[in-house]
Amino acid sequence: MHDNADLLGGAGTTPLEGLVDGLARHGFAVAPDYFPAALVGALREEARYKDRHGEFHLAGIGRRQARQKDTRVRSDRTCWLKGDSLAQCQLFEGLESLRLAVNRDLFMGLFELESHFAIYGPGDFYQRHVDAFNGNNGRLLSVVLYLNESWQSGWGGRLRIWPEPDATSVATEVEPRAGTLVVFLSDSIPHEVLAATQERYSIAGWFRRNNTTADWLDPPR
Ligand code: OGA
Ligand code: MN
């Protein structure tokens, strides 16, 4: 198992360069304190506010016809980000820099971002999965930002990451601490959310490829 420090870029690199480098070498990377505490705090407050106003719903699995709600696989609640606050705009700006760097250095062709807040209540989990099922949802790169101030190790809730689709040994586990950003390849890095004893807040996002063809405008308008 890697130490998280081992997954960061070498000395003298910026956090952004470290992420891109880790992604190139391992297919995933972890950056603690990637976003400022004030921004992360504002995002957490926003999630709490939306939750109080009933904007979170039990998460689904799969897309369109295949879509189902199966609490044996995941039991978190989610709320899509629509870019309707200053904090969300600042987050999108930071993630846009990541998108551009990844496209420039790794030629990934990342196009659109879709993202949601997620709340895992005590005991909630998301079993081992990859984010791009058979590549059919166009998701190329996954990002997860944690929003939990003063998270304690003993609370659980770690993100467990495997290094490749059929791997049996774990690559690393990430504590869901406020400001930590995790990025990984959507089609080839299995991961799992372990149950926690406390409420656990995160934002998960996916950069998709452009699926536009002659008779299908992506995204649909
Ligand atoms: C997901 C996911 C991880 C997390 O929503 O697909 O894997 O730690 N989330 O919230
Ligand atoms: Mn996932």
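Select H129 and ligand 1. A polar side-chain atom of H129 sits 3.2 Å from an oxygen atom of ligand 1. Keep in mind that this is a predicted model.

**Stop 1: around the ligand**

An N or O atom in the R200 side chain is 2.8 Å from an oxygen atom of ligand 1.

**Stop 2: α1 against α3**

Leave the ligand. Select residues 15–26, which form helix α1, and residues 86–106, which form helix α3. Their axes are 10 Å apart, and the helices pack at an angle of about 45°. An angle between 35 and 65 degrees counts as oblique, so α1 and α3 are oblique to each other. Their crossing is right-handed.

Now show side chains. On α1, pick L16, L19, V20, L23 and A24. On α3, pick S97, L98, A101, V102, D105 and L106. These two sets meet. By class, the contact of α1 with α3 has nine nonpolar residues, one polar and one charged.

**Stop 3: α2 against α3**

Select residues 37–52, helix α2. The axes of α2 and α3 come within 9 Å and cross at roughly 130°. This pair is therefore oblique as well. The crossing of α2 and α3 is left-handed, whereas that of α1 and α3 is right-handed.

Which residues make the contact? From α2, select L39, A42, L43, E46 and K50. From α3, select A87, Q88, Q90 and L91. Colour them by class: the contact of α2 with α3 has five nonpolar, two polar and two charged residues.

**Last view**

Show both α3 contacts together. L98 and A101 are among the α3 residues that meet α1. A87 and L91 are among those that meet α2.

Notes. Residues numbered from 1 in each chain as written. Chains lettered and ligands numbered in written order. Predicted model: local features only at pLDDT ≥ 70, side-chain atom pairs only at ≥ 80, totals over all residues. Heavy atoms only, no water. Axes fitted to C-alpha atoms, helices over the stretch in contact; angles between N-to-C directions. Helix = DSSP H or I, 4+ residues; strand = E, 2+ residues; numbered from the N terminus. Parallel < 35°, antiparallel > 145°, perpendicular 65-115°, else oblique. Left-handed = near helix turned anticlockwise from the far one by under 90°. Contact = heavy atoms within 4.5 Å. Nonpolar A, V, L, I, M, F, W, Y, C, P; charged D, E, K, R; others polar. Polar contact = N/O pair within 3.5 Å; in protein donor to acceptor, adjacent residues only side chain to side chain.
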